[in-house]
Amino acid sequence: MADISANFLGIKSPNPFWLASAPPTDKLTNVLRAFEAGWGGVVWKTLGSQVKNVSSRYSAVNYGGHKVMGFNNIELISDRPLELNLREIREAIRLFPDRAMIVSLMADNDRESWHELIKKVEDTGAHGFELNFGCPHGMTERGMGASVGQDPEIARMVVEWVMEKATIPVITKLTPNVHSVVPTGKACVEAGTNALSLINTIQSVTGIDLDTFVPNPYVAGHSVFGGYCGPAVKPIALKFLATISQNPVTRTVPISGIGGISTWKDAVEFMLLGATTVQVCTAAMTHGFRIVEDLCEGLSNWMDEKGFGTIEDFIGKSVPTLTRWEELDINYHHIASIDPDKCIHCGLCYITCEDTSHQAINLEYGKPFNNYSVKKDDCVGCNLCQLVCPVDGCITMKVERKAPEYVNWTDFQRLGMPLNDH
């Protein structure tokens, strides 16, 4: 049986699934329920200067009959007294010493505030810190959160302050509200952070109430940009994670992956792109803490099937397969193939190909159903038909032949020929 335990900077946990810094990790009651359910660790909700949160706080985007495709919140850091949080962190560690206890921090923008907060949290016995450089709302006006993560030099300065005092591992959490996370990630690694985590939430407006004309969530007739997370942000999170795993500086430290992880398959994808642990929030908020049982079972079964003994055996395995567009094999070619025995004759493949692609599917009128087949000479292998087909395995992409030898686009550049003429 596979060993799914994790070792992150010497912080050991029975599995790589941690709850992210968010409402589910705001108090002892929640954290104990999470540990009892089987979570490997938590990142305690961000501590700093006490705030007052608003009501309401959340909104969501639903799609295709599914609830909460994307989740939005305008909640700030912990609104509970610091001393109460510290006592509860200490108690959680006492009751579950085998679980990872990371504490998220966001101090005022000066060295003394960071040093004071670090000392107080270390006294609880916490295993590590996560520096919140990503909060996309509210705290930015005070030179905190995303305003730190969006400026590599400010981030470098704060990490240096932290490393002067911290005696336990430091993880720096990056904001996705930038063109690239690499500059800030590099600055933080060069300043001494022991690890990185990403992504934090993305600034968003999830929708507008067509009766009140106020965006959601509604707060006394107004709203603000919120932090977007949940399944909808997973592709963005994976892209940012990959750039960190590819960079020669940032890939030297461990990474904790965050962003839309809802299933064990999502978790494996993050780990294949370089994450050692994964953090979950929205899935736990919408399905409850027991979801971790499915995450652990699915990961273990997949590892057994693939022959992986530990999670270290496959972390980062997919990173080398990501390259630049101009390095792709332009002569590789495959085409669609429709299995007539699985086809339900809905016509979606024909409609999408005919209207928006390459008119490469034949329509044969018949009774009681129309039939569809691929025009091999016209199919360019874009796989749009496969993506829209409602039946798994009905349309497959098969390597059929090598495409004609095309001149690589870099050759056109060298010859001074514009690409849009090709």
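## Close-up views of the predicted model

**View 1. Asn-383 and its loop.** Asn-383 has its place in the loop between β17 and α12 (384–388), where helices (H or I, at least four residues) and strands (E, at least two) are DSSP runs, numbered from the N terminus. The model is predicted, so that local features need pLDDT of at least 70 and side-chain atom pairs count only at pLDDT 80 or more, while totals for chains, interfaces and linings use all residues. Residues are numbered from 1 along each chain as its sequence is written, and side-chain values use heavy atoms, with hydrogens and water left out. The phi angle of Asn-383 is near 65°, a positive value in a residue other than glycine. Asn-383 counts as partly exposed because its relative accessibility is 24%; buried means under 20% relative accessible area, exposed over 50%, and partly exposed in between (1.4 Å probe, protein chains only).

**View 2. His-345 and its loop.** His-345 lies in the loop between β15 (334–338) and α11 (348–356). For His-345, phi is near 65°, which is a positive value in a residue other than glycine. With a relative accessible area of 23%, His-345 is partly exposed.

**View 3. Two cis peptide bonds.** Another cis peptide bond joins Leu-198 and Ile-199, with omega at about 10°; Ile-199 is found in the loop between β10 and β11 (202–204).

View 4. Eight strands form a closed barrel in the order β3-β4-β7-β8-β9-β10-β13-β14, with parallel pairing, and two strands are said to pair if DSSP finds at least two bridges between them. On average, neighbouring strands of this sheet are turned by 25° against each other, direction ignored. Strand β7 (residues 100–106) runs parallel to strand β8 (residues 128–132) and is joined to β8 by four bridges; Val-103 has Phe-129 in β8 as its bridge partner. Helix α1 (residues 28–37) lies across β3 (17–19), β4 (41–48) and β7, and runs at about 165° to β4. For such angles, axes are lines fitted to C-alpha atoms, for helices over the stretch in contact, and the angles run from 0 to 180 degrees between N-to-C directions.

**View 5. The nonpolar cores.** The largest nonpolar core has 87 residues, and those with the most contacts inside this core are Trp-39, Met-101 and Phe-314. A nonpolar core is a set of buried Ala, Val, Leu, Ile, Met, Phe, Trp, Tyr and Cys residues joined through side-chain atoms within 4.5 Å. When residues up to four places away in sequence are not counted, Phe-314 touches Val-268, Met-271, Leu-272, Leu-299, Trp-302, Met-303 and Phe-308, where contact means heavy atoms within 4.5 Å.

**View 6. Ile-93 in helix α2.** Ile-93, which is found in helix α2 (residues 82–95), counts as buried because its relative accessibility is 13%. Leaving aside neighbours within four places in sequence, Ile-93 is in contact with Met-101, Thr-124, Gly-125, Ala-126 and His-127.

**View 7. Helix α7 and its cover.** The 13 residues of helix α7 (residues 234–246) should span 18 Å at 1.5 Å a residue, and the end C-alpha atoms of α7 are 18 Å apart, which agrees; the expected span of a helix is 1.5 Å times one less than its number of residues. The buried residues in α7 are Lys-234, Ala-237, Leu-238, Phe-240, Leu-241, Ala-242, Thr-243, Ile-244 and Ser-245, and what covers them includes α6 (182–191), β10 (195–198), β13 (255–258) and α8 (264–272).

**View 8. The two domains and the chain.** The domain assignment of the protein chain gives domain 1 (6–321) and domain 2 (326–415), with bounds that come from an automatic or database domain assignment. Taken over C-alpha atoms, the centres of domain 1 and domain 2 are separated by 40 Å. The protein chain holds 13 helices and 18 strands, and buried residues make up 48% of its 422 residues.
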